[in-house]
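Dear colleague,

My notes on it follow directly after.

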Amino acid sequence: FEGLNCEWCEVGYFGASCTPCPACSLNQVCLDGKDGDGTCVCDFDWTGPSCNYSISGRYPIEEDTKPVLLPNPEEVVFDGGVAISSNRLVIAAGAPSDSAGGVGRGSVLVWDRANASDSFDTTTPTHLSYIGGADYDGLGRGALALSSDGCTLAAALDGDDSVQSNAGALLVWDRTNISVTFNSSAAVKLVDASAQSSSSLGAYGVVMSEDGLVIAAGIPSDKTYGSYTGAIMVWVRSSTSVSFGSITGFKIANPNLEGFQRFTRGGISMTPDGLVLAAGCPGDDTIAEDAGAVFVVQRQNTTVGFEHAVITRVVDLNGQTDDDLGGSGAAISSDGLVLAAGSAKGSGTILVWKRWSTLSTFDYKSPIQITQSEQEYGEELAKSFVGMSRSGAIIAASTSFYAAFVSGGPRFSSGEHARTLKYCRFCSYLSFHDDGRTAVATIQNGPDKGVAIFEQNCRLGWTGVNCSSCQSGYFGSSCTPCPACVMGTCNDGMEGDGTCSCLFSSGTLCENALYTKLRDTNSSNEGELGGGGTGLSGDGLVLASGSPKDIEMGEGSGAAFVWQRANATSSFKNDSVVKLLDPDGAPGDNLGGNGITVSEDGLILLVNVPKDADNGDYSGSLLVWERFDINTDFGTVIPVKLIDPDGAAYDRLGYGAPAISEDRLTIAKSAYGDDDKGSNSGSILIWQRSSTAVNFSMVIPIKLIDVNGSSSEALGRGGLAISADGLVLVAGNNGNAYGSGSGAVVVWERSSTSANYSEVMPTRLIDPNGATNEYLGNSGVALSRNGLIIVAAAWQHNAVGRGTGVVLVWEKCNTSMAFSSITPGRVFDPEGKEDDQLGDGRPALSGDGLVLAVPSPYRDDAATSDGVILVWIRQSTCTSFASVTPLRLKDPEGTGKYLGQEGISLSIDGSVLVTSAANELDGGKQGSVIVFYSSRQD
């Protein structure tokens, strides 16, 4: 029982005795309540003997529901709210950072369709802006509002200065029907005439009744009853023929609030009839300091003005200090019986209150608490918004990285868990249509960036025009969900059997990593093994890594370690390591730092000496160990030192991975501190010999510069790549095409080895969507053996959030094509987070260009900045890497830090992957090298 006098049945109970309902099947509900008989009947929109057929042809949205993006010809970035009209004919989305008309003035885009059978994805949006606006007005910030017929639109202009600086305003557009565009008439501006500076009317958006007669918005920094107490402004008109511009707004301010309680921070909600408003007040101290509260403002009917409305405070009776209840807004169902709000409790919580009629209040019982069952590291539920479908059946909320939703209301119960909408990563806002079968979202970054519609037009697992094929991740004739393949991919599709295909792992679910972790056997030596990256022979049998802080020849003299295995079925072992030193080494040389390379046949080892001082401090050098056959121990070989004959102090020849051609005749090495084209413009030295009988020490290097280079571009700082035939050479630099540090990739292509690279005009490749300080190519480049595919990362690119990083792939069909004519493909981490820095470490590409591996060293996977390696595997070069879901590799032992920051090495066939973690999570600096195998028998 429930109710003030226990006269009602609680949800899920029926009859005069409030008997518990039976357990109903999927898509069924119990006829509960005092008048119910406990029968299970089909829920809304479901019919058939088993209630498994959708009347509307649209099914409940699921976690895997994929979006359809609306046309965005102007490539506007949507970081504001979004709304869909009840008739599903109009969608509006806000872009408050849009600077087309002035810096940060903002805009709203509107998509109209004549009827629901037309597709939104073929419509051209109307672009609305405020002609009388000013810079930083922020039009479209927060929630947008549409009347049910789509003929009235309201949006916030929270930076408006017309009353006071940043006092804020609302814009309202009216039209007679949807065949008339909103920009055919001027918008009406609504303001708080008594506003003070920085009160920010509409900072979290605006709400509207379904008939378009009531508009309300919060003023979170209103100072009527004290600094930042907050208030609501409401405008009510008698009909749509009356302009809101002729209406004086009414301010709802609560005299019982104290300073800095910020009533309406996070936004407000309104029932469609315009009778009930709900808003959070995160600074409320009723339960505890900043525990927060939700206020419900209710009038009995439309003839009663809001000045006579009843205001009720709703709290979490178990609230605690700093819960900030209501800080992400509040939501109320169309009948006013379900109320929801977000709280900072734990890792974020949605609190839900229910009442049996609008004659009762929400404050007589504790709320239901909804959490998120599975969260990424650092994720918080209800981070910035909370919304609800009209029926109250679905609650939507933000998380730190996605949008989430929980369905089942108004029969919510404690223990419910919010589910992540997987393809709504970096949602600015998510809004459900009245029936909960359609959702619209603004997505600020990532592969689904823009305005997206989520509709499940087939049962979960099915897709296609006639729902005749399996969605990705489902298999067989029944489109059964695939198992969770930990380090592999599911054999999905109608012909698939649902088994996991493993790479670098084994087990039914590919749960067992096939790896070896190599360390310096002298455990007391904190030489930062792996600190200069790794090198791997083409067949994956010879492995080398630097240890730049090794102390055997003095503090920081450095060393190189070489492991060799007999065949592809055996493992590298610590007890088979060979340690190499520079015979002329000195303390501080850092041998093995900043780059190490093994030739394809495993006969040559190139090791950097970044702080060698033969030509002055930090002039640098390259040591070359060359053996006659694979059985010769590198430890028996005397290395050759290569320097720049014209080198100078701080040329930094020893930085960045060197490159060597397959025939072992050409070595390329960068000196990024060279000043030929300005301070730190950089250069590349080429040693080319006529045959392997010629010692590289006898070769005079040729210097390459970028003829278009300039100061601080640091050509080749992250290392070089050369094709197998030695005809294509690639290097990154800090080019300034889009401002300082935007980055570029420089390519030299020659017709034959008899042609000199210095006679070739290099091509400079840039990111068409580049920006300042994205550092394209700064951490190195990768090249396929045939020289047709180039890979480089811009690790500070904001692909799916600040500093998440993006990988660019230039791919041409044949040597007659120019790389400059290719538009690069873009690959990013679909699960990327801010400051992951994907690509901050040299990428790797298999010889055939089918396997791509890129580090994300600052990714917080199991711990802060432990890092992950992303591996994309495609079946042919006809398939884009962007269409492939990457495999994620991490340190299987969980001890390494910044995994992959020094780069990755791949065998030619992509079956062996090597990376390093020079630092340990516990602060140690012994370092380690990790080898992942696709198969292993020992």
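With which residue does the side chain of D158 meet in a salt bridge? The partner is R141, at 3.0 Å from N to O; a salt bridge here is a side-chain nitrogen of Lys or Arg within 4 Å of a carboxyl oxygen of Asp or Glu. This pair links distant parts of the chain, 17 residues apart: D158 is in the loop between β13 (152-157) and β14 (169-174), and R141 is in the loop between β11 (126-128) and β12 (145-146). Strands, like helices, are DSSP runs numbered from the N terminus (E, at least two residues, for strands; H or I, at least four residues, for helices). D158 is buried, with a relative accessible area of 12%, whereas R141 is partly exposed at 30%. Buried means under 20% relative accessible area, exposed over 50%, and partly exposed in between, with a 1.4 Å probe and protein chains only.

Before the remaining findings, a word on the basis of the values. This is a predicted model, in which local features need pLDDT of at least 70 and side-chain atom pairs count only at pLDDT 80 or more, while totals for chains, interfaces and linings use all residues. Residues are numbered from 1 along each chain as its sequence is written, and side-chain values use heavy atoms, with hydrogens and water left out.

Salt bridges

The structure holds 40 salt bridges. In one of them, the side chains of D192 and K251 meet at 2.9 Å, N to O. These two residues are 59 residues apart and link distant parts of the chain, with D192 in the loop between β15 (188-190) and β16 (206-208) and K251 in strand β19 (residues 250-252). D192 is buried at 4% relative accessibility, and K251 is buried at 19%.

Another salt bridge brings together the side chains of R888 and D829, at 2.8 Å from N to O. Here, too, distant parts of the chain are linked: R888 belongs to strand β67 (residues 887-889), D829 lies in the loop between β63 (825-827) and β64 (844-845), and 59 residues separate them. D829 is buried, with a relative accessible area of 3%.

Cysteines

A search of the whole structure finds 8 disulfides, a disulfide being a pair of cysteine sulfur atoms within 2.5 Å. Among them is the link of C9 to C18, with an S to S distance of 2.1 Å. The link of C9 and C18 is left-handed, with -100° about the S-S bond, and both residues are buried.

C424 and C427 are joined by a disulfide with an S to S distance of 1.5 Å. Their link is left-handed, with -85° about the S-S bond. C424 has a relative accessible area of 0% and is buried; C427 is buried at 12%.

In the disulfide of C482 and C490, the sulfur atoms are 2.0 Å apart. This disulfide is left-handed because the torsion about its S-S bond is about -65°. C482 and C490 are buried.

C878 counts as exposed, at 76% relative accessibility.

Nonpolar cores

The largest nonpolar core has 32 residues, and I91, W111, L430 and F454 have the most contacts inside it. Such a core is a set of buried Ala, Val, Leu, Ile, Met, Phe, Trp, Tyr and Cys residues joined through side-chain atoms within 4.5 Å. Strands that each supply at least two residues of this core include β9 (90-95), β10 (107-112), β32 (427-432) and β34 (450-455). Leaving aside neighbours within four places in sequence, I91 is in contact (heavy atoms within 4.5 Å) with residues including L70, W111, F120, L146 and V440. Another core, of 23 residues, lies apart from the largest one, with C500, L899, I904 and I930 among its residues.

β69 runs antiparallel to β70 (residues 912-917), and 2 bridges join them. L906 has L913 in β70 as its bridge partner.

With kind regards

Conventions. Pairing = 2+ DSSP bridges.
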